[in-house]
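Please open the model in a viewer and keep the selection tool at hand.

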Amino acid sequence: MIIKPRGTSDILPKDTPVWRKIEETAREVAGLYGCGEIRFPTFESTELFARGVGDTTDVVQKEMYTFLDKDGRSMTLRPEGTACVVRSVIENGLSGEAMPLKLYYFTSCFRYEKPAAGRYREFYQFGVELFGAETPASDMQTIALADTLLKRLKIKADLKINSIGCKGCRPKYREALVSYFKQYENELCDTCRGRLLTNPMRILDCKSPICGKIAENAPKTIDYLCEDCTSHMENLKMLLSDAGIGYEVDPGIVRGLDYYTKTVFEFIAPIDKDEKTGEIKYLTICAGGRYDGLVEEIGGPRLPGIGFAAGMDRLVAAMKTSGTEIPSNIAPAVYIAPLGEAAAKAAQKIVYDLRSKGVYAECDVVGRSLKSQMKYADKIGAGYTVIIGDNEIETGRAVLKNMKTSEQTEIKLDEIDTIISKRGQ
Ligand code: HAM
């Protein structure tokens, strides 16, 4: 048997309604915040992510699905959306449009990670990017968009914010990090030993447990912020408080991608509950931050930006764990059950006409007996059933049975749609 690759998932019809609900809600909320939808390719040149995400990050060093195309060019399946959006903004001249430019997207992402609960190798994101503003107000609005989405989905999540400083405050912080990690140089993993020279901040989000333990007591960015970054953070805190958006400052949030500057944030929510022990697993369901240097880094003009991405798989899990009512697939309004050959033909036409009028109707296509048709109608949750035989076809009248109340009414066959829509299910 051929099975799906590790870390990927099939999303089955019983689960797609909740995905659709999230997508519809996300589109609605993105619309309320003035965002237009953008779509971009599944693969891009590897250089985009090496430069954008950063070639000393775990994502680029360890997790990318990279391949040579038939012309020998190095291509990579997108591990995230932001670098792709920035490339598209530059390539299509969107930086010349009215600012701020607000975009949203749904995308699948590919990362060669160790699969675990809520961590996949192919996963889905809803992302938002806002360009052309570097004020705390633009941070607040971006965070508010995510907050509104989570509230509408009835997901209880905690917002954590931090500032990781700008070009101005980084050198002093970097110095402090290097002198801290130097003490543990021999205990760090090979990758992090290299990062000590190239990008010590990336040691902070290394997934190795030993590096993680050492990183716990490392100096925090928040203690090294310049005046501008401090006041940016204070203003953001004020705007969030004024709007009644609860948050906690968490100096431990550094984010695993190189492009971030100043504000970073994460929403954390319960995504799994162990049935036996009752233990709850928390994960970041939505994360982002400001990236004021990324557009230039990728070859565009100076254009500040901020955005976030919510992991769709984790939103689904969080909705289930939070006990949010999950929408189910729609059941047919009516099942037409024919008895005999002539009626079986007539049923096809009746169902075709009902569907053309926008009524979800079903009838037999398997050749079942009347008894098993009625069982099937019950199983799929049909609101009404109509049995038709030679007599019904001749008179044009039949009995409409309400499957919940068992009430039976004689109706005209060509009035099924109007009667059902009047009575509801
Ligand atoms: P990220 O933190 O790498 O940021 O991913 C954002 C979200 O995607 C995570 O919070 C999580 O919910 C989900 N996610 C990440 N990795 C996985 C995985 N292996 N399996 C399942 N879900 C996952 C970014 O991707 C940035 N581009 C976000 C951003 C947009 N920053 C600014 N603009």
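Begin by selecting β15 and β16, which form a hairpin with five residues between them. The model is a predicted one, in which local features need pLDDT of at least 70 and side-chain atom pairs count only at pLDDT 80 or more, while totals for chains, interfaces and linings use all residues. Residues are numbered from 1 along each chain as its sequence is written, and side-chain values use heavy atoms, with hydrogens and water left out.

Two strands are said to pair if DSSP finds at least two bridges between them. Select V399 and look across to β16, where E410 stands opposite. Next select S406, in the loop between β15 and β16. S406 is not a glycine, yet it has a positive phi of about 65 degrees. With a relative accessibility of 42%, S406 counts as partly exposed; the scale calls a residue buried under 20% relative accessible area, exposed over 50%, and partly exposed in between (1.4 Å probe, protein chains only).

Another positive phi is found at K154, also not a glycine, with a value of about 60 degrees. K154 belongs to the loop between α5 (136-152) and β7. Is K154 buried or exposed? Its relative accessible area is 57%, so K154 is exposed.

From there, move to the open sheet. In what order do its eight strands lie? The order is β1-β5-β6-β11-β10-β9-β7-β8, and the pairing is mixed. Strands β1 (36-37) and β8 (248-249) are the edges, each pairing on one side only. In general, strands of a sheet pair through backbone hydrogen bonds, either parallel or antiparallel. To see a parallel case, select β7 (residues 158-163) together with β8, which pair over two bridges. Here I161 of the model stands opposite V249 in β8.

The loop between α4 (82-91) and β5 (101-110) contains P100. Select M99 with P100: the peptide bond from M99 to P100 is cis, with omega near 0 degrees.

Now display the ligand. Its surroundings comprise 26 residues, of which E80, T82, E113, R255 and Y260 are the closest; a residue is included if one of its heavy atoms lies within 4 Å of the ligand. By class, the shell divides into 11 nonpolar, eight polar and seven charged residues. In this grouping Ala, Val, Leu, Ile, Met, Phe, Trp, Tyr, Cys and Pro count as nonpolar, Asp, Glu, Lys and Arg as charged, and the others, Gly among them, as polar.

- E129: a polar side-chain atom lies 2.8 Å from a nitrogen atom of the ligand.
- I285: a polar backbone atom is 3.3 Å from an oxygen atom of the ligand.
- F308: a polar backbone atom is 3.3 Å from a nitrogen atom of the ligand.

The elements giving two or more residues to the shell around the ligand are β6 (122-131), β10 (280-290) and β11 (305-311). Which of the elements gives the most to this shell? It is β10, with six residues.

Proceed to helix α11 (residues 312-321), where M312, D313, L315, V316, A318 and M319 are buried. An α-helix has 3.6 residues a turn, so residues three or four places apart point the same way. Just after α11, select G323, which takes a positive phi of about 75 degrees.

For the next stop, select T57, in the loop between α2 (46-54) and α3 (58-62). T57 is buried, with a relative accessible area of 0%.

Finally, select the cysteines. How many disulfides does a search of the whole structure find? The result is zero, where a disulfide is a pair of cysteine sulfur atoms within 2.5 Å. For C35, the closest cysteine sulfur is in C286, and at 13 Å it is too far for a bond. C35 is buried, with a relative accessible area of 11%, and C363, at 8% relative accessibility, also counts as buried.

Technical notes:
Helices (H or I, at least four residues) and strands (E, at least two) are DSSP runs, numbered from the N terminus. A polar contact is a pair of N or O atoms within 3.5 Å; within protein, one must be able to donate a hydrogen and the other to accept it, and residues adjacent in sequence count only if both atoms are side-chain atoms.
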